[in-house]
Structures are given as structure tokens and as C-alpha cells.
Amino acid sequence: MSENIGAAGNTLVPAVLTLESMGYRIGWERHDDQREDWHADGPLGHFWGDDPLELLGLITMRELRGVNWKATDEQIDAFAARYLPDPK
């Protein structure tokens, strides 16, 4: 079965529950300008982002790509060719 899921308010709680089930402790703080910083500490280390979905994405990226999670120059070039508009 195929689903359509978008990043919205109803995905924040499931994201936190998923992260907790993966062994992460979740925390957050709100700043004076109402900006929030979220962080997760767990099996792969410390991660931080703007919201639980961002944390889940970072942790999933690290899990799937491993310690060499960063893109190579070739991967960056391929990304740019595929997704960034030609400046001409």
C-alpha cells in the first residue's frame, strides 16, 4: 500500500516516538525569538536540528550512509546537475 505523508504538525509526535524507539533521548529548548532547537542523544551520537523530523532525517541518513555520510565531490556535482537550475 502506498501512502502520502507530508511534513506537518501531525508528524512531529510520531517522529519523536520513532526516535525514542531507536534508543534516542530527545530534548528541546525555545529561544526568546521563538526559534526551537531540538536534539537527540543516542546510539550513533548527538544530533540537532529545527524539529523532530529533521532529527529523524539526520539520524536515518547517518544510519544508511554510515560514518562516510558526507557527499563526495562527484555526488555534489551530480546533485547540482540534476536539481539546481542552470544559471544561463
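Reader: Which residue takes a positive phi in the hairpin of strand 1 and strand 2?

Author: That's Q34, with a phi near 75°. The hairpin has 5 residues between its strands. Keep in mind that this is a predicted model.

Reader: OK, and how many bridges join strand 1 to strand 2?

Author: There are 6 bridges, and the two strands run antiparallel. Strand 2 covers residues 36–42.

Reader: What stands opposite R30 there?

Author: E36 of strand 2 sits across from R30. As for E29, the residue opposite is D37, also in strand 2.

Reader: Zooming out, what's the strand order in the sheet?

Author: It goes 1-2-3 in an open sheet of 3 strands, with antiparallel pairing. Strand 1 (25–30) and strand 3 (45–49) are the edge strands, each pairing on one side only.

Reader: How are neighbouring strands turned against each other, on average?

Author: By 20°, with direction ignored.

Reader: Which strands does helix 2 lie across?

Author: Helix 2, residues 52–65, lies across strand 2 and strand 3. Relative to strand 3, helix 2 runs at about 140°.

Reader: Switching to the surface: which residues make the nonpolar patch?

Author: F79, Y83 and L84 make that one, and the patch comes to about 340 Å².

Reader: And where is Y83 found?

Author: Y83 is in helix 3, which spans residues 73–83.

Conventions. Residues numbered from 1 in each chain as written. Predicted model: local features only at pLDDT ≥ 70, side-chain atom pairs only at ≥ 80, totals over all residues. Heavy atoms only, no water. Pairing = 2+ DSSP bridges. Helix = DSSP H or I, 4+ residues; strand = E, 2+ residues; numbered from the N terminus. Axes fitted to C-alpha atoms, helices over the stretch in contact; angles between N-to-C directions. Contact = heavy atoms within 4.5 Å. Patch = residues over 30% accessible without salt bridge, like charges linked within 9 Å, V, L, I, M, F, W, Y side chains within 5 Å. Areas by Shrake-Rupley, 256 points an atom, 1.4 Å probe, with all protein chains shown as cover. Salt bridge = Lys/Arg side-chain N within 4 Å of Asp/Glu carboxyl O.
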